[in-house]
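This is a briefing on selected local features of one protein model. Please look over the sequence and the structure before reading on.

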Amino acid sequence: MRVLVTGITGFAGPVVAAALLEAGHEVHGLVRGAGPWPRLGALPLAPDAFHRGDLADGRFPDLVRALAPGGLVHLAGLSFAPAAERDPASAYRTNLGGTLAVLAAARAHASRARLLVVTSSDVYGEVRAEDLPIVEETPLRPVSVYGASKAAADIAAAQWARAYGLEVVRARPFNHAGPGQDAAFVCSALARQLALIEAGRQEPVLRVGNVDPVRDFSDVRDIAAGYVALLERGRAGEVYNVCSGEGTSIAEVIAVLRGHARVPVRVQSDPALRRAVDVPRVVGSHARIAADTGWRPRIALADTLATVLDDWRRRLAS
């Protein structure tokens, strides 16, 4: 099908575009600015695949009408939780407002299209030990502005599906990592520090925040494959966790990365890197997506972390 992807230039966007192309779909992307976008440059995208615009500028419905896509993948949004805390209104405008813009454009001009709305596992928020592993029926108790803004988008997408008969599938991805990720996120931040240490540009001390929280980490390539599976085979109106189903502490992530490092490093706790609110353990269940689409995670976390570290070595070298 012809698929329009918002947020195609973000961290997951190029990986999702590659997965869609591999599955035989025609890919178009909504972009802001003039580029270049190196991570998209290697993909066999048509010259007219990029469409400049913004979900907030009011022109998105015209693009949907002109393209008549059979599928939409909504990835665009504010994804950095601390930035959402600093400006809650902006977080809601971007995450909820952007989702409403996509839903409205689809309702007006592509009512038969498959629409994948990607939110976040942060919608679950305050997870109790008895809630684990997290299933899709786990109550939404967001504790961050980011999580709440994504929960609002999630609820809006479900409401539009029920009220207007749209073919909406919702995805709640858990933590994912891979090459190209911003250093604001934990796996990438730690790998960047190690690459700087190896290059002699930082003292051999890895500065870390709270290492006790346990998270459900996946490779971004697995997550992208999950999105394609949901676009193709997910049940309309349904919501799906996309996750590894395994818990890994930040301390374990550090241990794996140190094992890949080319030089010895010490670990030092930095209070400035600790979050004010940190849920101790977040581990999801991917039983529903596996049952409905056949998708399962395939890439081991150790392999993912090795690719992230190699990516930072290349980025720093260039």
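Where is A68 found? A68 is in the loop between α3 (60-67) and β4. The model is predicted.

**Backbone geometry**
- A68 has a positive phi, near 50°, although A68 is a residue other than glycine.
- L132 and P133 are joined by a cis peptide bond, with omega at about -10°.
- P133 has its place in the loop between β5 and α6.
- Positive phi also occurs at G165, the residue that follows α6, with a value near 70°.

- Helix α6 covers residues 145-164, which is 20 residues.
- T99 belongs to helix α5 (residues 88-109).
- With a relative accessibility of 2%, T99 counts as buried, because the cut-off for buried is under 20%.
- The C-alpha atoms of T99 and A157 are 7.5 Å apart in space, while the two residues are 58 apart in sequence.

**Aromatic pairs**
- How many aromatic pairs does the structure hold? There are four, and two of them are described here.
- One of the pairs is F80 with F185: the ring centres are 5.8 Å apart and the planes stand at 65°. The pair is edge-to-face because planes over 60 degrees apart count as such.
- F80 is in the loop between β4 (71-74) and α4 (81-86), and F185 is in the loop between β7 (176-177) and α7 (186-198). This pair links distant parts of the chain, 105 residues apart.
- F80 is partly exposed, at 26% relative accessible area, and F185 is partly exposed, also with a value of 26%.
- Another pair is Y124 with F174, whose ring centres are 6.2 Å apart. The planes of Y124 and F174 are at 35°, so this pair is tilted.
- Y124 lies in the loop between β5 (114-118) and α6, and F174 in the loop between β6 (167-173) and β7, so the pair ties together parts 50 residues apart in sequence.
- Y124 counts as buried at 1% relative accessibility, and F174 counts as buried at 2%.

**Charges over rings**
- R107 lies over the face of Y164, 3.7 Å from the ring centre.
- R315 has its charged end over the ring of W312, at 3.7 Å from the centre.

**Second largest pocket**
- The second largest pocket holds about 260 Å³ of space.
- Its lining is made up of P14, V15, A18, A19, E22, R39, L43, P179, G180, V220 and R221.
- Two or more lining residues come from each of α1 (13-22) and α8 (220-233).
- Which element gives the most to the lining of this pocket? It is α1, with five residues.
- By type, the lining residues of the second largest pocket are seven nonpolar, one polar and three charged.

Note on methods: Residues are numbered from 1 along each chain as its sequence is written. This is a predicted model: local features need pLDDT of at least 70, side-chain atom pairs count only at pLDDT 80 or more; totals for chains, interfaces and linings use all residues. Side-chain values use heavy atoms; hydrogens and water are left out. Helices (H or I, at least four residues) and strands (E, at least two) are DSSP runs, numbered from the N terminus. The expected span of a helix is 1.5 Å times one less than its number of residues. Rings of Phe, Tyr and Trp (its six-membered ring) pair if their centres lie within 6.5 Å; planes under 30 degrees apart count as stacked, over 60 as edge-to-face and the rest as tilted. Buried means under 20% relative accessible area, exposed over 50%, partly exposed in between (1.4 Å probe, protein chains only). A charge sits over a ring if NZ of Lys or CZ of Arg is within 6 Å of the ring centre and within 35 degrees of the ring normal. On a 1 Å grid over the protein atoms alone, a cavity is a set of points where a 1.4 Å probe fits but cannot get out, and a pocket is an open set with protein on both sides within 12 Å along at least five of seven lines; lining residues have an atom within 4 Å of a point. Grid points are joined across faces, edges and corners, and a volume is the space filled by probe spheres set on the points. Ala, Val, Leu, Ile, Met, Phe, Trp, Tyr, Cys and Pro count as nonpolar, Asp, Glu, Lys and Arg as charged, and the others, Gly among them, as polar.
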